[in-house]
Amino acid sequence: MKANEIPTPAYVVSERDLRRNLSLIQDVAHRAGVDIIMAFKANALWRTFDIVREYCRNSTASSINELRLGREFLGGNVHSYCPAYTAETIDEYLENSSHITFNSLSQFDRFADKVNEYNRTSGRHVSPGLRVNPHCSVIETDIYNPALPGSRFGVSATEIGDRLPDGIEGLHFHALCESDSHDLERVLEAFEAQFGHLLPQVKWINMGGGHLMTREGYDIEHLIWLLRRFRERYPWLKIILEPGSAFTWRTGNLITSVVDVVNNDDINTAIVDVSFACHMPDTLEMPYKPLITESLGRDAVDGKPTYRLGGNSCLSGDYMGDWSFDVPLKIGDRLTLEDMNHYTTVKTTMFNGIQHPSIWLEDLSGDAHLLRQYTYDDYKSRMS
């Protein structure tokens, strides 16, 4: 089956575009001499991990479920970070992680003996780290900004003082979101100014996620130069990056059909068989306006048929707009909402019980293969 024959609604992932991103990430890691690992919080379509595994086997996990997914389907090292481990979860994190980062000094104090005992008796070593907050804000959208005043993420330099707690082997910071290499440079300057005196005490630095190196126009050469310079200053450190969006940026689309067209107060709304709130929530949270392949661009064009898109849920705010088209939309028209793979399938809901889009993989020959079809049982099994 070809993509234009797939029943809607459907997510369609492109193997060609996925391999393009993975090749670029692999090349950056090699040239910069760093380890770039996959973050499942942006994409966890494990049926595509056979492809990912050819380029990258290591991952980062922020939950037990992500931890299990990484071990089962990528099979490499898992770097765990969780805002708060518990007595019920810490053992499984230790048994399946290569690195474990603690969000606070109190968390490390609580579980340091557990880590030491595990490393002493298990026959393997889990490297403990501490998340730090460089208090450098480069993100405009507050909901995604971990450096806001009062942030619950990471330890400040004043809390640590001159020495790290015994046993800490690495430092982890995360201050980016779909950012460029120049944002990273600003954060690194703040990080070194505040925590540079601690670097002789550790073995590794995790620079977190948000490195959108696969976006068109990203300055790859500057990123590589920046990372190489950091390694020259601290040659004993292993450098880790864990981008999320970069792995699956522009690798998949959401195909939808127009199911009705209504006009109220001189506003045309094309109601489609998907939901912004349920199937692409970042469009409302971030917010951002997706490109529609069949439209004339993201901005309305005077004199052309122009429409809002209305989601097929009962939420009043489940709409976006406006887009213009060469000809008026009609029932049955198919629309392609672009770049709906990263931070999309991992965040969908079944609110209202509306039909969840199926998931397909378009292979290198252009044939589409069904990965998952959702049914009433999927909705029912999530309820009690």
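Me: How much space lies in the second largest pocket?
Reply: About 630 Å³. This is a predicted model, where local features need pLDDT of at least 70, side-chain atom pairs count only at pLDDT 80 or more, and totals for chains, interfaces and linings use all residues. Residues are numbered from 1 along each chain as its sequence is written, and side-chain values use heavy atoms, leaving out hydrogens and water.

Me: What does pocket mean here?
Reply: A pocket is an open set of points on a 1 Å grid over the protein atoms alone, where a 1.4 Å probe fits, with protein on both sides within 12 Å along at least five of seven lines. Lining residues have an atom within 4 Å of a point. Points are joined across faces, edges and corners, and the volume is the space filled by probe spheres set on them.

Me: Which residues lie nearest the centre of the second largest pocket?
Reply: A44, L45, W46, T345 and Y374, out of 21 lining residues. By class, the lining has ten nonpolar, six polar and five charged residues. Nonpolar covers Ala, Val, Leu, Ile, Met, Phe, Trp, Tyr, Cys and Pro; charged covers Asp, Glu, Lys and Arg; the others, Gly among them, are polar.

Me: Which elements each supply at least two of its lining residues?
Reply: α3 (64-74), β17 (368-372) and α12 (376-382). Helices (H or I, at least four residues) and strands (E, at least two) are DSSP runs, numbered from the N terminus.

Me: And the largest pocket, how much space there?
Reply: About 830 Å³. It has 35 lining residues, with K41, Y144, F153, H174 and Y343 closest to the centre. The lining splits into 15 nonpolar, twelve polar and eight charged residues.

Me: Back to α3. Which of its residues are buried?
Reply: I64, E66, L67, L69, G70 and L74. Buried means under 20% relative accessible area, exposed over 50%, and partly exposed in between, with a 1.4 Å probe and protein chains only.

Me: What do they pack against?
Reply: β3 (38-39), α2 (49-52), β4 (59-61), β5 (78-82) and α4 (90-96). Just after α3, G75 has a positive phi of about 80°.

Me: How many bridges between β5 and β6?
Reply: Four, in the parallel sense. S80 has I100 of β6 as its bridge partner. Further along, three bridges join β7 (127-131) to β8 (170-172), also parallel. There, G129 is partnered with G170 in β8.

Me: Are the faces of β6 buried or exposed?
Reply: Both are covered. H99 and T101 are buried on one side, I100 and F102 on the other. In a regular strand, side chains alternate between the two faces of the sheet.

Me: Now α5. Is F108 buried or exposed?
Reply: F108 sits in α5 (105-121) and is buried, at 4% relative accessible area. It touches F102, P128, P165, D166, G167 and I168, not counting residues up to four places away in sequence. Contact means heavy atoms within 4.5 Å.

Me: Which residues touch the most other members in the largest nonpolar core?
Reply: L171, F191, I205, M207, M213 and F230, in a core of 101 residues. A nonpolar core is a set of buried Ala, Val, Leu, Ile, Met, Phe, Trp, Tyr and Cys residues joined through side-chain atoms within 4.5 Å. Another core lies apart, with six residues, among them I6, V12, I255 and A368.

Me: Where are the cis peptide bonds?
Reply: One runs from M286 to P287, omega near -15°. P287 is in the loop between α11 (282-285) and β13 (306-310). Another runs from G321 to D322, omega near 5°. D322 lies in β14 (319-324).

Methods. Pairing = 2+ DSSP bridges.
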